[in-house]
Protein chains: 2
Amino acid sequence: MLGYFEPPYYAVIFTSVRGGDTEGYDATAARMFELASQREGFLGVDLARGDIGITISYWRDLEAIRRWREQVEHLEAQRLGRERWYARYRVRIARVEREYGRDSPELL
Amino acid sequence: MLGYFEPPYYAVIFTSVRGGDTEGYDATAARMFELASQREGFLGVDLARGDIGITISYWRDLEAIRRWREQVEHLEAQRLGRERWYARYRVRIARVEREYGRDSPELL
């Protein structure tokens with residue numbers, strides 16, 4: 001789980017329900033994490049999977065999110081996601097305004 | 001997985017790492033979902049658990065979040081969470097500014 005980031009920053013909340021086709025999914029997911037984590041403005045990612053999958057990536061600003069969304073290899077991964085891997089998905093772009101928790105500066 | 005909500009609205013992103021003590025957790029989690037879902041301004045919740053747990057609740061405005069945070073039974077659950085169930089946790093309050101996906105109005 002991630003450390004503290006200084007608000008305001010942005011979260012991309014991706015929720016999904018997988019379809020039957022999983023070919024290539026794990027390798028692409030790992031590659032996308034590798035690529036995203038090298039980008040300017042990338043802060044981190046949280047993910048978990050139960051009945052649905054939740055991936056939250058954190059970014060310094062909207063411009064960093066826009067550039068990542070349009071990165072060539074990521075565009076191809078998004079296309080495969082739509083066509084093969086996800087029965088349903090949803091993307092929410094949210095501005096993080098407050099943050100607190102155990103281990104955060106507010107409690108130290 | 002959830003339907004479409006009209007932005008702007010708010011997301012409370014709760015990420016956690018569980019500790020060893022899980023007594024009472026499931027019953028309390030179910031009760032909190034029941035209570036939250038009855039509240040004015042509550043829109044829905046997404047959750048998944050892997051190495052970490054992610055629970056995202058969606059709310060119409062900050063006032064609804066504030067009232068829920070201060071609800072008596074919920075205060076007690078938060079205390080138990082801090083003292084017993086979570087080794088680490090983080091809460092992020094975020095304003096959802098855009099939303100899209102398969103099945104959303106933007107794609108219909």
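Q: Hi! How many bridges pair E1(A) with E3(A), and in which sense?
A: Seven bridges, in the antiparallel sense. Two strands pair when DSSP finds at least two bridges between them, and the elements themselves are DSSP runs numbered from the N terminus: helices are H or I with at least four residues, strands are E with at least two.

Q: Before we go on, what kind of model is this, and what rules apply?
A: It is a predicted model in which local features need pLDDT of at least 70 and side-chain atom pairs count only at pLDDT 80 or more, while totals for chains, interfaces and linings use all residues. Residues are numbered from 1 along each chain as its sequence is written, chains are lettered from A and ligands numbered from 1 in the order in which they are written, and side-chain values use heavy atoms, with hydrogens and water left out.

Q: Thanks! Which residue stands opposite A:Ile13 in E3(A)?
A: That would be A:Ile56. E1(A) also pairs with E4(A), antiparallel over ten bridges, and there A:Val12 stands opposite A:Ile93.

Q: Why is E1(A) largely enclosed?
A: Because eight of its ten residues are buried, where buried means under 20% relative accessible area, exposed over 50% and partly exposed in between (1.4 Å probe, protein chains only).

Q: Zooming out, what is the order of elements in chain A?
A: From the N terminus on, β-α-β-β-α-α-β, with three helices and four strands. The C-alpha trace spans about 45 × 30 × 20 Å along its principal axes, and 45% of the 108 residues in chain A are buried.

Q: What about A:Ile54, buried or exposed?
A: A:Ile54, in strand E3 of chain A, is buried, at 1% relative accessible area. Its C-alpha atom is separated by 4.6 Å from that of A:Thr15, 39 residues apart along the chain.

Q: Which residues of chain B does A:Ile54 touch?
A: B:Asp46, B:Leu47, B:Ala48, B:Ile54 and B:Ile56, not counting residues up to four places away in sequence. Contact here means heavy atoms within 4.5 Å.

Q: On to the interface, then. How much area is buried between chain A and chain B?
A: About 3900 Å², with carbon and sulfur atoms giving 51%. That is the accessible area (1.4 Å probe) the two parts lose on being put together, summed over both. In contact are 45 residues of chain A and 45 residues of chain B.

Q: And how many salt bridges?
A: Six between chain A and chain B, counting a side-chain nitrogen of Lys or Arg within 4 Å of a carboxyl oxygen of Asp or Glu. One of them joins B:Asp46 and A:Arg92, whose closest N and O atoms are 3.8 Å apart.

Q: Which elements of chain A supply at least two residues to that side?
A: Strands E1, E2, E3 and E4 plus helices H2 and H3. E4(A) gives the largest share, 16 residues.

Q: What does E4(A) do with strand E4 of chain B?
A: The two strands pair in the antiparallel sense over eleven bridges. A:Arg90, for instance, stands opposite B:Gly101.

Q: Last one: where is B:Gln71?
A: B:Gln71 sits in the loop between helix H2 (62–69) and helix H3 (72–85) of chain B, and is buried at 18% relative accessible area. Leaving out residues up to four places away in sequence, B:Gln71 touches B:Leu35 and B:Arg39.
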